[in-house]
Amino acid sequence: MRARARSAISRANCIQRKHKSAMAEEGKKISFGFSKSIKKPVLKNVVPKEEKKIDYIECVDDKAIKIVGGEEKKDEPLVIPMLGSKTWHERIINKVDADIFEPKVTDPKIKDEPMPDVQVKQEKVDDIPNGIVPKPNDVLPTEVSEIKTEPVDDQSLTLEEQAAREIIADLNSDDNKNKKAKVFTLPITGNDDLQGKEEPTLDDYENIPIEEYGMAMLRGMGWQPGKGIGKNEKVVPPAIPELRPKGMGLGADKLVVQSLKGKGNNTEHEKLKLVTGACVKVTAGKHSGSYGKIVGFDEEAARLFLKLELVSEVLSVNECYVQPVTTTEYTQNSRVLTFRLALAQISVTSDKGANIDKAISFIDKAKQQGADIVTLPECFNSPYGTNHFPEYAEVIPSGETSIALANAAKKNGICVIGGTIPERDGDKLFNTCTVWNPNGELIAKHRKMHLFDIDIKDKITFRESDTLSSGNELTMFEAKGCKIGIGICYDIRFEEMARLYRNRGCQMLIYPAAFNMTTGPLHWTLLQRARANDNQLYIACVSPARAEGRGYIAYGHTQLTNPWGEILAELDAIEGMVVKEIDLKIIDEVRSQIPIFNQRRTELYDTIWKITENK
């Protein structure tokens, strides 16, 4: 009991001492606090890994593998999206972040301040400093980066960067003179946009067809078929350059000017291209005028392989010697082997109107006999003489003779080679041949190149140059698949002219002519057979009928000669007409069996055409 009493007294004394001590320090306050720092992990968007899909083969059908549950690939147009602005002008003036040389800023308070080259110092806050418990309204700092600016040497910047810096300084110089520099922070972001992405490979590049890049970029900029791009959405046709034929060399001129004039609608012509299977027409060489289809190409030599419609062999032709044609034209002309040619030998008087009427009547007769082309003689509307030329001359094509020929050609649907008439052009006179197509259109006009100036002692003297001027051009046209060259009377004596026509692919030469009673018997037949044999083509000479009396008397004897030099038809001296069938296959036969044009020594000699300035 005593022990318990002593223990109670001891506790009471202790409490009393503590109470006295507390009373002594009544003015002091002691507080206790407990804190716990928790570092939260930074969560990042992790791209889930794609599960590999296993395809199971169902069957093999016709060398094609069918897969169970396989997704069908949709053939959608390729689109290359347009990137954002990358110019300093857009970045500064239009406040667009072009990301030229500075990091992106997302804080709206500092978007207008200049951003020199910066370095980012990361200071992570993991623990609460000094163990102080924050008040409820206090905001704890998050993981931030302090931006510290450092001077940058201007020499290390590009011209574009220096320009951007100067513009920034100029825009902010007046407004920010008295402002203090601000220290701002940016949150650190990870490269989440690249996570899970695979680096493109060369196969990815190869899988996109190069010809689709341009259209894909246009689609990325918002282009749609039938709609323009830009402020003024105006649709304009593309300017397609004409490719230069391969293998021609710099400075070379095209031998053939390829034009797509002719029958057919414009839509059909726009689709004409030199591709395999295309219908083409040969425009030069020994097969000029022939039609065929392209069966292949020799890209290195700039040649194509052509299967002619009428020949079983495949030819190798320079690509600039062919012209694409429509299917309609090919069907109509590709199998044309022959056509009918009419040669009209007309009596000419001093009555111009009567001469024209007679010529029209012969055109009508030629059509009735199934002719495709009809030819009239030299000076069919006028007596042949230097004193008559000024009186009978007229303007082409507005003169009465031209109008009559055009109407007759259109009425009969026939090609008319209008002999010759005296033509007036300003203060000059020409001996001129006109050519009219079946639609009544003037398609060619040839002026006599070699004027008839001769003096045969005690027989005949004649000088066309006293009243006429000479022409300076060769004249060619095509009809019924035949390329025809035009000469007039005295022109036939000049073999070089015929050779030039042959070099340009002509298959027939037609000469309206009026040889006289001295030169006719001597040379009329000889010259025609010589030109036909030398150049391996058809020759036709059409003369006025012989009219006895005073003045110039024509020889007559209108004649047609084939490429072998054989006379196919010949009239006598009186008025009449001959209609003969022209077989173009004979031309190829002669030229292949006697290939003189491939055997000519053009490295030693040649016949060339010189372009004059007096056209």
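Strand 7 (residues 291-298) and strand 8 (residues 303-308) run antiparallel and are joined by six bridges; strands here are DSSP runs of E of at least two residues and helices are runs of H or I of at least four, both numbered from the N terminus. Two strands are taken as paired if DSSP finds at least two bridges between them. The model is predicted, so that local features need pLDDT of at least 70 and side-chain atom pairs count only at pLDDT 80 or more, while totals for chains, interfaces and linings use all residues. Residues are numbered from 1 along each chain as its sequence is written, and side-chain values use heavy atoms, with hydrogens and water left out.

A second open sheet consists of six strands in the order 19-20-21-22-23-24, and its pairing is mixed. Its edges are formed by strand 19 (475-479) and strand 24 (567-570), each with a single partner strand, so one side of each is left without a neighbour in the sheet. The twist here averages 20 degrees from one strand to the next. Helix 12 (residues 519-535) packs on this sheet and touches strand 22 (538-542), strand 23 and strand 24, contact meaning heavy atoms within 4.5 Å. The direction of helix 12 makes about 30 degrees with that of strand 23.

Strand 21 (residues 508-512) and strand 22 run parallel and are joined by five bridges, with Leu 509 opposite Ile 539 of strand 22. Strand 23 (residues 559-561) and strand 24 run antiparallel, with three bridges between them; Leu 560 has Ala 569 of strand 24 as its bridge partner. Strand 22 is largely enclosed by the rest of the structure, because five of its five residues are buried (buried meaning under 20% relative accessible area, exposed over 50%, and partly exposed in between, with a 1.4 Å probe and protein chains only). Tyr 538, Ala 540 and Val 542 are buried on one side of strand 22, and Ile 539 and Cys 541 are buried on the other.

Helix 3 (residues 159-172) has 14 residues and spans 20 Å from its first C-alpha to its last, close to the expected 20 Å, a value given by 1.5 Å times one less than the number of residues. Glu 161, Ala 164, Ile 168 and Asn 172 are buried in helix 3. These residues lie on the same side of helix 3, because they cover an arc of only 60 degrees around the axis; the arc is that of the directions from the helix axis to the C-beta atoms. Leu 159, Glu 166 and Asp 170 are exposed on the other side of helix 3.

Residues 210-234 carry the annotation "domain: G-patch" in an unreviewed UniProt entry; such positions are given in the numbering used here, feature names are shortened, and annotations may be inferred rather than shown by experiment. Over residues 210-234 the chain is 32% helix and 0% strand, with the end C-alpha atoms 27 Å apart.

Several backbone features occur in loops. Most residues other than glycine have a negative phi, and most peptide bonds are trans. Cys 379, although not a glycine, has a positive phi of about 50 degrees; Cys 379 is in the loop between strand 12 (373-375) and helix 9 and counts as buried, at 2% relative accessibility. Asp 458 also has a positive phi, near 65 degrees, and is found in the loop between strand 17 (453-456) and strand 18 (460-463). Asp 458 is exposed, with a relative accessible area of 76%. The peptide bond joining Ile 396 and Pro 397 is cis, with omega about 10 degrees; Pro 397 is found in the loop between helix 9 (389-392) and helix 10 (400-412).

Overall, the secondary structure of the protein chain comes to 14 helices and 25 strands. Of its 615 residues, 35% count as buried.

Conventions:
Axes fitted to C-alpha atoms, helices over the stretch in contact; angles between N-to-C directions.
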